[in-house]
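Hi,

Here is the structure I promised to pass on. My notes follow below it.

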Amino acid sequence: MFGLATALAVSLVVLCALGALVAEAGRVEVLAELAKPLTRSIIRFTLWQAALSALISVALGVPLARALARRGGLLGRRALIRLSSISLVIPSMVAVLGMVAVHGRSGWVNHLLSALGLGRADYLYGLTGILLAHTFFNLPLATRIFLNQLLTLPQHTWNLAALYGMRPRHIFRHIEWPLLRGLIPGAAGMIFLLCFTSFAIVLTLGGGPQSTTLEVAIYQAVRFDFDLSRAVALSLIQVALCGLLAAGFFAFGAPFPLRPGDYPGIDRPDAGARWPRIIDATVIATASMFLLSPLVAALVKALAPGGWSIVADGEFWSALRWTLLIAPSAGLLSCLCALSLANLTVTLRRSGRVAGWAVVPELVGLLTLLAPPITLGAGLFLLFRRFTDALSLGPAMVIVLNALLALAFAVRILTPALQAQRSRYDRLCAGLGISGWNRWHRVLWPALRHPIAYALAIATTLSAGDMGVIALFGTDDLSTLPLLMYRLLGAYRVEQAAVVAALLCALCAGFFWAIERLGAAGQTSGPYA
């Protein structure tokens, strides 16, 4: 019942927001918008940068996952894997600041080129910068997906490989590749959608109209031009393209969990060979340098004494208060909705006759990944404006939209865990007459405590670092730390922006650690384990 109510509520929010936009815009001419050369150019660039980002992330994720799987005893391996586990929740504006510090005109790379007597390279703004930032976020995600799958192989598989004298190329061809190839469409599809709807990265690193995506074009049409007809037309185009592409990717891809595994060390026959050791060391060292350098650069900039003056500014404390209010509220709402949708999905899968309908709650969870949050926010604003002062509802709308934004990830985390536990305990509960609240409290909750905490941590930290929704509703009185960072960077107050970035990272890490610790406390594999 709760799952059905949640699915209807989420669908209603999306439909009402789009309906209000369409009603306000009047006649929406999607075909006329598609006929414009500028719109076609924006669509081409959006597809091109998302496809390249997904291709690069997946292509680099496979060798990095293999290297981490082979090097079970490598010093720092667990730390690098841990970084890949929290890559989703690193605030995009923090990554942008780090990218500027490393790859910008006065960044580390250009300082190194100057020291070597080479000319400075100006490559950050435009397609190259967008690809660098997207790879920074999505390479760890792809690596984690592939690594989770590689570590499902039991030890006796490697014992047989050693017995038959299989070389590294034979191991990849006959053991690893058959296991990974089914994951590639789904992983590439999720990364493609994340890059297709990327906002803060393209807004700051796009470098001009030639590097504009649909998401940024919708924001400009709503925020600056207030051209609702164009915003609605672009939104419908984006939803249609995302829906078609997502259906194509996920139809051919195997499902995969987003929750990290235990990552045990495995004794593999190809781990001691000379060339695999050289290749793995090179891959891990390069990936570590690429992933850690922006974070280190942002931290170094934050150490400049002049930047800490921002802490004495009332604008900083106002942004911090709003972040502390919005992020946990949105995270809790998202997690509750995701748990309801996951339970409905599992119930339908196990029901027999209506098992085919189980895809509906999953699609509802993906709705907010397909529909631009800026468009949803503008639609809700126009809808509530007819009945009340919509600006006074700004915080509530930011919380709701941030919760919906994280819903797709929370559903992906909770559904496999709930499926496993219900498969294990449903018959036992039915036999013992345990149902309703008692089943959740006494049977499922002890086993699901850690996955729920992980989903809550992801949703909360995603909301804390979100820039898309607050960019639309942000005012002088309503601002969060990511929006404050954007404003400081726009005013060339880089040292102050770096301090805000460091504090935002500390806040996100604190949220993530505290929530996961609460989930891990008393964690069991089940009430009868």
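Which residue lies over the face of W275? R274 does, at 5.8 Å from the ring centre (a charge counts as over a ring if NZ of Lys or CZ of Arg is within 6 Å of the ring centre and within 35 degrees of the ring normal).

Before the rest, some ground rules. This is a predicted model, where local features need pLDDT of at least 70 and side-chain atom pairs count only at pLDDT 80 or more, while totals for chains, interfaces and linings use all residues. Numbering runs from 1 along each chain as its sequence is written, and side-chain values use heavy atoms, with hydrogens and water left out.

On to the rings: searching the whole structure gives 6 aromatic pairs (Phe, Tyr and Trp rings, the six-membered one for Trp, with centres within 6.5 Å; planes under 30 degrees apart are stacked, over 60 edge-to-face, the rest tilted). One of them is F136 with F137, edge-to-face at 5.4 Å centre to centre and 85° between the planes. F136 is buried at 4% relative accessible area, and F137 is buried at 12% (buried is under 20%, exposed over 50%, partly exposed in between, using a 1.4 Å probe and protein chains only).

F199 and Y219 also pair edge-to-face, at 5.0 Å and 75°. They tie together distant parts of the chain, 20 residues apart: F199 is in the loop between α10 (184-196) and α11 (200-205), and Y219 is in helix α12 (residues 214-223) (helices are DSSP runs of H or I, at least four residues; strands are runs of E, at least two; both are numbered from the N terminus). Both F199 and Y219 are buried.

Cheers
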